[in-house]
Amino acid sequence: MLSEKMLAELNEQINKEMYSAYLYMAMSAQSKDMGLNGFANWFMVQFHEEMYHAMKMYEYVQQQGGRVQLKAIAQPPLEFESVLDMFTKTLEHEQFVTKSINNLMEVAIAEKDHATQIFLQWYITEQVEEEDNDNEIINQLKMVEGHPHGIMMIDRELGQRAVNVPTDFSKGVEAAEGDE
Ligand code: OFO
């Protein structure tokens, strides 16, 4: 069972994960428009990852007998200056999410909610990986300094990224994880 405070914080986090999905979908749309299909693919895969983060939390709240309450999703930026700008904003956003997850963990500790602490460990590990991925791509983008040939090479590499999280939640997240 979740305390009222824990439930409210988890519902906030579901909203942040949904915003993450929306933000990366916006980046995917602009990449596509720029003719960078590999970048568009990378951000669309990221969109699916974020939907999974949101749905995993959604299901956890329900398993704990809590009521999911969905709030409005904020509008992401309409325009990014460049792909480097997209990845810089991606990293900044992920650092914000990391802080938010750390804050959730602190609430779970204060509330003596051991189950939620265990649940949140998965997100803490995930954030380390996300920030690492973004840093790696930012370094590559800085190395090519916007040269079209370099950007095309990175585009080809990012086009290889495949979705490796569940995307069909009609039977629940745990069922979908079992099918992986
Ligand atoms: Fe990008 O990890 Fe969730 O938000």
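**Enclosed spaces and selected residues of a helical model**

Helix 4 (114-144) and helix 5 (148-158) each supply at least two residues of the lining of the largest pocket, where helices (H or I, at least four residues) are DSSP runs numbered from the N terminus. The structure is a predicted model, in which local features need pLDDT of at least 70 and side-chain atom pairs count only at pLDDT 80 or more, whereas totals for chains, interfaces and linings use all residues. Residues are numbered from 1 along each chain as its sequence is written, and side-chain values use heavy atoms, with hydrogens and water left out.

The largest pocket holds about 150 Å³ of space; a pocket is an open set of points on a 1 Å grid over the protein atoms alone, with protein on both sides within 12 Å along at least five of seven lines, and its lining residues have an atom within 4 Å of a point. Its lining is made up of W42, N133, E136, I137, Q140, E157, L158, Q160 and R161, and helix 4 makes the greatest contribution, with four residues. By class, this lining comprises three nonpolar, three polar and three charged residues, where Ala, Val, Leu, Ile, Met, Phe, Trp, Tyr, Cys and Pro count as nonpolar, Asp, Glu, Lys and Arg as charged, and the others, Gly among them, as polar.

Helix 2 (37-63) and helix 4 are the elements that give two or more residues to the lining of the largest cavity, with helix 4 giving the most, three residues. Its composition by class is one nonpolar, two polar and four charged residues.

R161 counts as buried because its relative accessibility is 19%, and buried means under 20% relative accessible area with a 1.4 Å probe and protein chains only, whereas exposed means over 50% and partly exposed lies in between. Leaving aside neighbours within four places in sequence, R161 is in contact (heavy atoms within 4.5 Å) with N41, W42, V45, Q46 and E49. A polar contact of 2.9 Å joins the side chain of R161 to the side chain of Q46, the term denoting a pair of N or O atoms within 3.5 Å of which, within protein, one must be able to donate a hydrogen and the other to accept it, while residues adjacent in sequence count only if both atoms are side-chain atoms. A polar atom of the R161 side chain also lies 3.3 Å from the backbone oxygen of W42.

Two further buried residues were examined. T116 belongs to helix 4 and is buried, with a relative accessible area of 0%. The T116 side chain makes a polar contact of 2.7 Å with the side chain of Y60, and the contacts of T116, apart from neighbours within four places in sequence, are with L2, M6, L10, Y60, Q64 and A108. V173 is placed in helix 6 (residues 173-178) and is likewise buried, with a relative accessible area of 2%. With neighbours within four places in sequence set aside, V173 is in contact with Y52, M55, K56 and E59. The C-alpha atoms of V173 and N139 are 34 Å apart, the two residues being 34 places apart in sequence.

The 28 residues of helix 3 (residues 83-110) should span 40 Å at 1.5 Å a residue, and the 40 Å between the end C-alpha atoms agrees with this expectation, which is calculated as 1.5 Å times one less than the number of residues. Helix 3 is followed by K112, a residue of the loop between helix 3 and helix 4, which has a positive phi of about 55 degrees although it is not a glycine. K112 is exposed, with a relative accessibility of 67%. In the loop between helix 4 and helix 5 lies E145, another residue other than glycine with a positive phi, near 45 degrees. E145 is exposed, at a relative accessible area of 64%.

How values were computed
On a 1 Å grid over the protein atoms alone, a cavity is a set of points where a 1.4 Å probe fits but cannot get out, and a pocket is an open set with protein on both sides within 12 Å along at least five of seven lines; lining residues have an atom within 4 Å of a point. Grid points are joined across faces, edges and corners, and a volume is the space filled by probe spheres set on the points.
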